[in-house]
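Please look over the sequence and the structure shown here before reading on. The report is meant to be read alongside them.

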Amino acid sequence: MELSLSTRDGFTVAATKGPLDETARDLFREQLHPLVGVKGTRIIIDMAGSPRITSPGIGNIVALTADANTNASRVILCRSEEHTSELQ
């Protein structure tokens, strides 16, 4: 999986590319967890580029969201593909 970050209207947009699976773990820990560790950070995860999500991928999203919640930050998921209903 690849992750690209940009800023738009006060939100950090994290666009995913490729399956959201165990390969997301290090990217999330290195790039997203430090951001949500800052109180009030707002991250949008644009999942349009991820055709598939595995159980470890869901775990990465849950861990990021839990970290955000403890720091009064927010994680928003958007643009999941219709076929992202394929969860493995």
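This is a predicted model: local features need pLDDT of at least 70, side-chain atom pairs count only at pLDDT 80 or more; totals for chains, interfaces and linings use all residues.

The strands form an open sheet of four, arranged in the order β1-β2-β3-β4 and with mixed pairing. At its edges lie β1, residues 2-8, and β4, residues 74-78, each of which pairs on one side only. On average, and with direction ignored, neighbouring strands of this sheet are turned by 25° against each other.

Strands β1 and β2, the latter covering residues 11-17, run antiparallel and are joined by seven bridges.

Helix α2, residues 55-70, lies across β3 and β4 and runs at about 145° to β4. From its first C-alpha to its last, α2 reaches 23 Å over 16 residues, which is close to the 22 Å expected at 1.5 Å a residue.

The buried residues in α2 are Gly57, Asn60, Ile61, Leu64 and Ala68. Seen down the helix axis, the buried residues of α2 fall within an arc of 95°, so they line one face of the helix. These buried residues pack against α1, β3 and β4, whereas the face of α2 turned away from the buried side carries Val62, Asn69 and Thr70, which are exposed. Just after α2, Ala72 takes a positive phi of about 55°.

## Ala68 in detail

Ala68 lies in helix α2 and belongs to the buried residues named for that helix. Its relative accessible area is 0%, and Ala68 therefore counts as buried, for which the limit is under 20%.

When residues up to four places away in sequence are not counted, Ala68 touches Val36, Ser73, Arg74 and Val75. The C-alpha atoms of Ala68 and Ile43 are separated by 9.3 Å, although these residues stand 25 residues apart along the chain.

## The salt bridge

How many salt bridges does the count come to? The count comes to one salt bridge, in which the side chains of Arg79 and Asp46 meet at 2.9 Å, N to O. This pair links distant parts of the chain, since Arg79 is in the segment after β4 and Asp46 is in strand β3, 33 residues apart.

Are the two partners, Arg79 and Asp46, buried or exposed? Asp46, by contrast, is at 14% relative accessibility and so counts as buried, the limit being under 20%.

Key. Residues are numbered from 1 along each chain as its sequence is written. Side-chain values use heavy atoms; hydrogens and water are left out. Two strands pair if DSSP finds at least two bridges between them. Helices (H or I, at least four residues) and strands (E, at least two) are DSSP runs, numbered from the N terminus. Axes are lines fitted to C-alpha atoms, for helices over the stretch in contact, and angles run from 0 to 180 degrees between N-to-C directions. Contact means heavy atoms within 4.5 Å. A salt bridge is a side-chain nitrogen of Lys or Arg within 4 Å of a carboxyl oxygen of Asp or Glu. Buried means under 20% relative accessible area, exposed over 50%, partly exposed in between (1.4 Å probe, protein chains only). The expected span of a helix is 1.5 Å times one less than its number of residues. The arc is that of the directions from the helix axis to the C-beta atoms.
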